Every structure is written in C-alpha cells, then in structure tokens.
Amino acid sequence: MGDDGAAVPAGTERLRLRRLTMADVDALVELDRDPEVMRFLTGGVATPLATVRNEQLPRLLAQYDRYPGLGRWAAHDRESGEFLGWFALDPSADGTEAELGYRLRRSTWGRGLATEGSRALVRYAFDTVGVRRVWAETMTVNERSRRVMVKAGLHYVRTFHLQWDDPIPGTEQGEVEYEVRAEEWATVGQERPAARRAR
C-alpha cells in the first residue's frame with residue numbers, strides 16, 4: 001500500500017513505486033522528449049505537453065479507482081529519490097488481464113531496472129491482484145524490450161502486423177506479443193525472486 005493507503009506494487013531492491021499524480025506532468029513530458037526512449041513508440045517524436053496533461057494523465061488517474069490494484073506507477077530510485085520513469089499493469093476492459101509496460105530514462109538503461117521492475121509487477125499481478133493473464137507487446141525489432149519480457153517470465157505468443165498511417169522504421173517486421181497466464185505462474189512464479197517490500 002502507498003502512503004495514502006492505495007494499492008501500490010511492492011518496490012524492489014532499487015526501485016520505489018508510487019501512484020502518478022497531476023504533479024508528474026513535467027517529469028513525464030521530459031521522459032518522452034528523449035528520441036531514443038520514444039524510438040519504438042513514435043519513431044522518436046515527443047509527446048506534447050497538452051496531451052500528457054489533458055489526455056493521458058487524467059485517463060491514467062481515473063483507472064486507479066475503476067481497476068483497483070492495476071494501473072501505472074512512477075518509479076523512483078530507492079536511494080536518491082530520483083524519478084526514473086514508470087511501470088504499468090494497464091487493465092483490460094474487464095480488469096481480468098493486464099498489459100505489462102515500462103518506460104525508463106535512457107540514463108538507467110543497461111542496469112537491469114526494467115527487468116527488476118517488470119518481475120515485481122508480474123508477481124504482484126498474479127499473487128496480489130489475481131489477474132488471469134499478463135501480456136506485453138512491442139515492435140519485433142525492439143530486442144531490448146523483448147529480452148525484458150522473457151526475463152520477467154513471459155513467453156512469445158505471436159507476431160502480427162498492424163496498418164499505420166505513419167509507420168516508423170521496423171514496422172514492416174511487425175509487432176510481437178508475449179504473455180504468461182495464471183496457471184503457468186502458479187508453477188514458474190515460485191522460481192522467481194520475491195520483490196522486496198517497500199519500506
């Protein structure tokens with residue numbers, strides 16, 4: 001639980017997670033300004049301030065009450081308190097499934113934080129929230145994210161192709177979907193290291 005009593009996934013050895021607030025607008029806009037962070041999402045195009053403030057954040061904040069235990073959380077360095085990015089368990093329409101997501105500052109890349117946070121969220125999704133499936137998607141060419149998905153306990157399901165009005169490089173190779181289901185987690189999840197409880 002967070003400081004306000006709201007459901008928040010347990011932190012990890014290096015990460016503290018908390019609910020997003022409207023005060024996070026600037027940090028989220030800055031995160032999305034990095035062309036490398038957005039490379040496989042928008043081709044490097046930043047998310048406009050107005051979109052974050054007026055569309056994305058209000059929608060995400062509304063999800064906390066509609067889908068208890070699911071949503072998107074700001075990630076901070078446990079020692080320094082620095083904002084590092086976010087992790088998500090975005091709910092399906094009926095709240096029985098969750099899409100794993102993560103977006104971290106480039107300065108954090110290569111330290112295993114995406115894997116560490118993702119493992120904690122997958123465990124939380126099954127052991128605490130009780131979803132029936134956790135899944136994730138990315139571009140086929142996004143090898144880094146695909147490795148994180150596997151390390152978090154998900155496995156490859158399919159490659160598929162979508163039609164885009166403004167395709168970005170690599171689109172022609174399609175998108176990939178990974179998943180892990182509750183019945184699988186009941187077996188393999190016990191082999192994963194437990195997430196450290198937030199202090």
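1. How many bridges join strand 1 and strand 2, and do they pair in the parallel or the antiparallel sense? Strand 1 (residues 15-19) and strand 2 pair in the antiparallel sense, over 5 bridges. Two strands count as paired if DSSP finds at least two bridges between them. Helices (H or I, at least four residues) and strands (E, at least two) are DSSP runs, numbered from the N terminus.

2. On the basis of the note: this is a predicted model, in which local features need pLDDT of at least 70 and side-chain atom pairs count only at pLDDT 80 or more, while totals for chains, interfaces and linings use all residues. Residues are numbered from 1 along each chain as its sequence is written, and side-chain values use heavy atoms, with hydrogens and water left out.

3. Strand 2 has partners in both strand 1 and strand 3. Leu-15 stands opposite Asp-77 of strand 2. Strand 2 also pairs with strand 3 in the antiparallel sense, over 6 bridges, and there Ala-74 has Trp-86 of strand 3 as its bridge partner. The hairpin of strand 2 and strand 3 has 5 residues between the strands, and in it Gly-81 takes a positive phi near 85°. Strand 2 is mostly covered, with 7 of its 7 residues buried. Buried means under 20% relative accessible area, exposed over 50%, and partly exposed in between (1.4 Å probe, protein chains only).

4. Next, the aromatic rings. A pair of aromatic rings is described by the distance of the centres and the angle of the planes. Here, rings of Phe, Tyr and Trp (its six-membered ring) pair if their centres lie within 6.5 Å; planes under 30 degrees apart count as stacked, over 60 as edge-to-face and the rest as tilted. The whole structure holds 3 aromatic pairs. One of them is Trp-73 with Tyr-124, which is edge-to-face, at 6.0 Å centre to centre and 90° between the planes. This pair links distant parts of the chain, since Trp-73 is in strand 2 (residues 71-77) and Tyr-124 is in helix 4, 51 residues apart. Trp-73 counts as buried because its relative accessibility is 0%. Tyr-124 has a relative accessible area of 8%, so it is buried.

5. Another pair is Phe-126 with Trp-185: the ring centres are 5.6 Å apart and the planes are at 20°, so the pair is stacked. This pair, too, links distant parts of the chain: Phe-126 is in helix 4 and Trp-185 in helix 6 (residues 182-188), 59 residues apart. Both Phe-126 and Trp-185 are buried.

6. Two arginines lie over rings. Arg-72 is over the face of Trp-86, at 4.1 Å from the ring centre, and Arg-158 is over the face of Phe-160, at 4.1 Å from the ring centre. The test asks that NZ of Lys or CZ of Arg be within 6 Å of the ring centre and within 35 degrees of the ring normal.

7. Where is empty space left? Rolling a probe the size of a water molecule over the atoms shows this. On a 1 Å grid over the protein atoms alone, a cavity is a set of points where a 1.4 Å probe fits but cannot get out, and a pocket is an open set with protein on both sides within 12 Å along at least five of seven lines; lining residues have an atom within 4 Å of a point. Grid points are joined across faces, edges and corners, and a volume is the space filled by probe spheres set on the points.

8. The search finds 1 cavity of 30 Å³ or more, and the largest cavity has a volume of about 90 Å³. Its lining includes Arg-72, Trp-86 and Arg-103. Helix 3 gives the most to this lining, with 4 residues. The lining divides into 6 nonpolar, 1 polar and 3 charged residues. Ala, Val, Leu, Ile, Met, Phe, Trp, Tyr, Cys and Pro count as nonpolar, Asp, Glu, Lys and Arg as charged, and the others, Gly among them, as polar.

9. The largest pocket has a volume of about 1,500 Å³. It is lined by 47 residues, of which Leu-41, Tyr-102, Thr-138, Asn-142 and Ser-145 lie nearest its centre. By class, the lining of the largest pocket has 20 nonpolar, 12 polar and 15 charged residues.
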